[in-house]
Amino acid sequence: MTDLPAVSIHENDLTDLAAREGAIAVFATADGKLDQGARKVNSLTRKAVARAVESDAFEKAKEGEAVAVSYPLGLAATKVLVVKMGRRPSAEVARKAGASIAKARGTDGVLILGGSILRMADVAYGCALRGYTFTPHKTGDQDAAGAIDVMVTNVAEVQAATDVMMAVAEGVVFTRDLTNEPANVLTTTEFANRLVEMEAIGLTVEVLEEDELEKLGMGSLLCVGLGSASPSKVVVMQWNGGGDEAPFALVGKGVVFDTGGISLKPAGGMEDMTMDMGGAGVVSGVMKTLALRKAKANVVGLVGLVENMPSDRATRPGDVVTSMKGDTIEVINTDAEGRLVLADVLWYAQDRFKPTGVINLATLTGAIIIGLGHENAGVFSNDDQLCNRFLKAAGSEGEGAWRMPMGPAYDAKIKSRIADMKNVGGRDAGSITAAQFLQRFIKDDMPWIHLDIAGVASVKAETALAPAGATGWGVMALNRLIADTYEAE
């Protein structure tokens, strides 16, 4: 697991700044007013901070962006980062400021002179998240990011907020690590083993092996992994931090590699299919966060782990399989495998745990990328209240999400001549027909959301809080939803 940089909150003390090594971050408002820490550094550097604020670079910088002064006279520090930010920033701007600091500091340790500026915990949070790098498969010594030290006047308040945010950051980083791992490392067995290790932080973890899945009747899930030497598994993670109430359920698609099976994908871009377990990665990250911050809620996370490979044993187009629910499915395209995995895990989650609601996550369709690009996940739901609560949580955390339509008219697209349904409905409305398929495995009156995260789980360009690659999208939003809606008073 990638280690987050150490974050320490300190009492405001500007007496030894000249000897501080690494980077120092200070703040100035858009109209050029320097905060207390900035004024002190400005004095030590013969007004280098003031000159930076008067520069074209600072003038053109957006709120939350930083201008670097390298090797400033009068300081041992290698750079001073002058961040354009007011004294009462929004959470979004504060996190953006932290991300700007992370990018500019490199691997240097950084001292952030926050003083009495609000939302300094968000600044530290943004710095920790944007400083993430995935390096376990690089040879040679890799420099880890140095510590993040924050000086403030209200230590206790900032420390409490930082502790919670760093628990979320741990979940985000866990999700990113899982999603970035190559498939020859993150096999279904290795994935399950990493989840079992979370028993050390208080989760209850069970691994259901293939023989158990067969007894449960999970023919839909099992048919996906028939062509692979890696055994299919379902992992159940429980966090019981609430009272006696039924849990809320999170369900994730965990296809550790997706060749498309017999319906083989084109070679170009197939290497990206290591991220097809992104939904399971998010569920795992959320469960880690809930355990680390001792959430006062009951939540169960379930992930279906499979590998979709072609072989003499693989499921063929035209085969008919029987789900745990008992419905039969004609497999038209073996590359539409994620919904086959989710169908059985969704039914099992409801049948065993009788949850108060269910949210599933999956890198399910390329069609959602055509519709929403890489800015928003697709949100499909049968329950307006749950959906609106999730959208509010996602909005508050800056994670893009957009509700998509559903309706009975789309069901005709997945009608099968020889089975209860088929697993694809054609190119048009592909994301919607996939959601309609999943809805058939949601029990009556069960509040449910399907999140299609194909466009946001892993991206080619950096985002506000992540470098290129896995983003960890969804951990923050789902944690917020649980905190705001399901935690016991």
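Reader: Is Met273 buried or exposed?
Author: Buried. This is a predicted model, and in it Met273 has 16% relative accessibility. That counts as buried because the cut-off is under 20%.

Reader: Where does Met273 sit?
Author: Met273 is in the loop between strand E9 (248-258) and H10.

Reader: And which residues does Met273 touch, leaving out those up to four places away in sequence?
Author: Val255, Val256, Phe257, Asp258 and Lys265.

Reader: You mentioned H10. How many of the residues of H10 are buried?
Author: 14 of the 15, so H10 is largely enclosed by the rest of the structure.

Reader: What span does H10 have from its first C-alpha to its last?
Author: H10 covers residues 278-292 and reaches 21 Å, close to the 21 Å expected at 1.5 Å a residue.

Reader: What happens just after H10?
Author: Lys294 takes a positive phi of about 55° there, although Lys294 is not a glycine. Most residues other than glycine have a negative phi.

Reader: Which loop holds Lys294, then?
Author: The loop between H10 and strand E10 (298-308). Lys294 counts as exposed, because its relative accessibility is 53%.

Reader: What about Arg46, what's its phi?
Author: Near 55°, a positive value in a residue other than glycine. Arg46 lies in the loop between helix H1 (36-44) and helix H2 (48-53). At 64% relative accessibility, Arg46 counts as exposed.

Reader: Staying with arginines, where is Arg87?
Author: In the loop between strand E4 (79-84) and helix H4 (91-105). Arg87 is partly exposed, with 41% relative accessibility.

Reader: Which residues is Arg87 in contact with, neighbours within four places aside?
Author: Asp35, Ser116, Ile117 and Leu118. Take Leu118: Arg87 and Leu118 are 31 residues apart in sequence, while their C-alpha atoms are 6.1 Å apart in space.

Reader: Let's switch to the whole protein. How many helices and strands does it have?
Author: 15 helices and 19 strands.

Reader: What's the radius of gyration, and what would a compact globule have?
Author: The protein has 24 Å. With 489 residues, a compact globule would have a radius of gyration near 23 Å, so the value agrees. The C-alpha trace spans about 80 × 50 × 40 Å along the principal axes.

Reader: How much of the protein counts as buried?
Author: 57% of the 489 residues. The protein exposes about 19700 Å², and carbon and sulfur atoms supply 49% of that area.

Reader: Charges next. How many positive and negative side chains are there?
Author: 48 positive and 62 negative, with the centres of the two sets 5 Å apart.

Reader: Which loop is Pro405 in?
Author: The one between strand E15 (401-403) and strand E16 (421-422). At 43% relative accessibility, Pro405 counts as partly exposed.

Reader: Now Ser230: buried or exposed?
Author: Buried, at 14% relative accessibility. Ser230 is in the loop between helix H9 (219-224) and strand E8 (233-240). Not counting residues up to four places away in sequence, Ser230 touches Thr187, Thr188 and Glu307.

Reader: Last one. What's the relative accessible area of Asp445?
Author: 80%, so Asp445 is exposed. Asp445 is found in the loop between helix H14 (430-439) and strand E17 (448-452).

Reader: And how far apart are Asp445 and Lys40 in space?
Author: 61 Å, C-alpha to C-alpha. In sequence, Asp445 and Lys40 are 405 residues apart.

Terms used
Residues are numbered from 1 along each chain as its sequence is written. This is a predicted model: local features need pLDDT of at least 70, side-chain atom pairs count only at pLDDT 80 or more; totals for chains, interfaces and linings use all residues. Side-chain values use heavy atoms; hydrogens and water are left out. Helices (H or I, at least four residues) and strands (E, at least two) are DSSP runs, numbered from the N terminus. The radius of gyration is taken over C-alpha atoms; the globule rule is 2.2 Å times the number of residues to the power 0.38. Buried means under 20% relative accessible area, exposed over 50%, partly exposed in between (1.4 Å probe, protein chains only). Accessible areas come from the Shrake-Rupley method with a 1.4 Å probe; for residues, only the protein chains shown count as cover. Lys and Arg count as positive and Asp and Glu as negative; His and the chain ends are not counted. The place of a charge is taken as NZ of Lys, CZ of Arg, CG of Asp or CD of Glu. The expected span of a helix is 1.5 Å times one less than its number of residues. Contact means heavy atoms within 4.5 Å.
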